[in-house]
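Biologist: Please take a close look at one part of this model, a few side chains and their partners. How exposed are they, and what do they pair with or touch?

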Amino acid sequence: MAREKYFILSIDGGGVRGLIPIRILESLESRMAHKGIQLAMHQCFDLICGTSTGGLIAAGLSAPKPGGAKGEAAATLGTLREFYERDARDIFTHSLGKRLGRFVTNPLGLFDESYDARPLESILKERFGWTSMASALTNLVLTAYDIEKRKAVFMTNGRQHDGSKPDDYYLWQAVRATTAAPSFFEPAKVENLTRGGEDVLIDGAVFMNDPAIAAYIEARKMGWAAEDITLISLGTGHAPERSFNYREASGWGALGWMLPSNGVPILSIFTDGQSQTASYQADCLFTDLGETRYIRIDGDIPAEAEAMDNARPGNILQLNGAADRIIRDETLVLDEIAELLISAKTG
C-alpha cells in the first residue's frame, strides 16, 4: 500500500501584498479545474501556515464558514481577492479623530500613524464568527508574539511536543493577533480559551515573516515522515530596487525608523531580511536532507509597491501585474504542483 503524502502550504506576511499569493493560488486552482478537479484549498493541503497577512489567508481558507454547509470554508480565493482589492482600502484609512484623541493623552501619539483596528475586527468577526482554532477544516498554524510573556506563539490545532493539545483561540482573534503589525495596529488582546484570561499578542512577522520552517516542525510533531512531505512556500514579493540610503537613514532617529510615513523602515528591513534568510536556509536544509520536497514561489515587485498599507487602486494594479509576472515565470512549477495534488488527493 502506498504511503500517504502530505502537502503543506506556507504563506509569508506582507500586508496588502497578500494579493500575490492569492493570485498564485487562484492560478493553481484554475490548473486543477482544467483537469476536471474541483478541490477547496483545505482539501488540497494537510496543513496551512501563515504569518500576518499570510495568517489571514490561511485562516480564511481553513476556518469553517459560520452557518455554512459542512466542510465549507469561511472564505474562497475569490472572496479573499475581493478583500485585498476592495476592503483593504477601508482598513488602511487613517482616523483623524483617533489620532487627535491620542494626542491629548500622548503628544507623541500624533506622529504615530497607526490605523484604527475596528474596521478590520468587524470584518473578521463577520467572516469567522465565534469558531475557534480547534474547529479548523485542516491543520492550521498562525504565528504571533506575546509581548507580556516575551515569547513566540504558534497558534495551532495540532499537537504540542508532548502530544497534548495546544491552547485554543477564537479564529477572528487569532487573525487579529497575527496581523497586529507594530506601528500599524495596536497589540491584540485575545482570549485564551484553554487557560482562561487574555494574551497580548502582536504580528508574528517581528520574528518569522516566512513561516515555512515553523510549518515543517508542526508537521513533524504530528508524526509525518519527512520524505512524505511536500512544502509549498509562497512569498508576497521582494522589492530589490527599494533602498534606504545612508543620508536619509542617518537623520531618522528612533522615531524615523518606525514612522509609517517613511514606510516603517525597521519593520520593512526585519521582515524582508527574515524572509530572504528563511527561504535560503529552508532550501539548503531540505536540499541537504534530500527528503522533504520544498518549493518556494516568490518574485520581484516595484519599489513603490512594497508598502504593506498601500491599498490604493493604482498599487493594487501594480501588485496584480507583479502576480501575473510571477505566475508566468513559474508556469512549469505550478503545473507540477497541480499534478502532484491531483495525484495525491484523488488517486
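Modeller: A residue is called buried under 20% relative accessible area, exposed over 50% and partly exposed in between (1.4 Å probe, protein chains only). This is a predicted model, in which local features need pLDDT of at least 70 and side-chain atom pairs count only at pLDDT 80 or more, while totals for chains, interfaces and linings use all residues. Residues are numbered from 1 along each chain as its sequence is written, and side-chain values use heavy atoms, leaving out hydrogens and water.

Met-258 is partly exposed, at a relative accessible area of 33%. Met-258 sits in helix α10 (residues 253-258); helices (H or I, at least four residues) and strands (E, at least two) are DSSP runs, numbered from the N terminus. Leaving aside residues up to four places away in sequence, Met-258 touches Pro-182, Ser-183, Val-264 and Ile-266, where contact means heavy atoms within 4.5 Å. Ser-183 is 75 residues from Met-258 along the chain, yet their C-alpha atoms are separated by 6.8 Å.

Now the aromatic rings. Rings of Phe, Tyr and Trp (its six-membered ring) pair if their centres lie within 6.5 Å; planes under 30 degrees apart are stacked, over 60 edge-to-face, and the rest tilted. The count is 13 aromatic pairs. Trp-130 and Tyr-170 have ring centres 4.9 Å apart and planes at 85°, so this pair is edge-to-face. Trp-130 lies in the loop between α6 (118-128) and β3 (139-146), and Tyr-170 in the loop between β4 (151-156) and α7 (171-178), so the pair ties together parts 40 residues apart in sequence. Trp-130 is exposed, at 54%. Phe-244 and Trp-252 also pair edge-to-face, with 5.7 Å between centres and 70° between planes. Phe-244 is partly exposed at 24%, whereas Trp-252 is buried at 15%.
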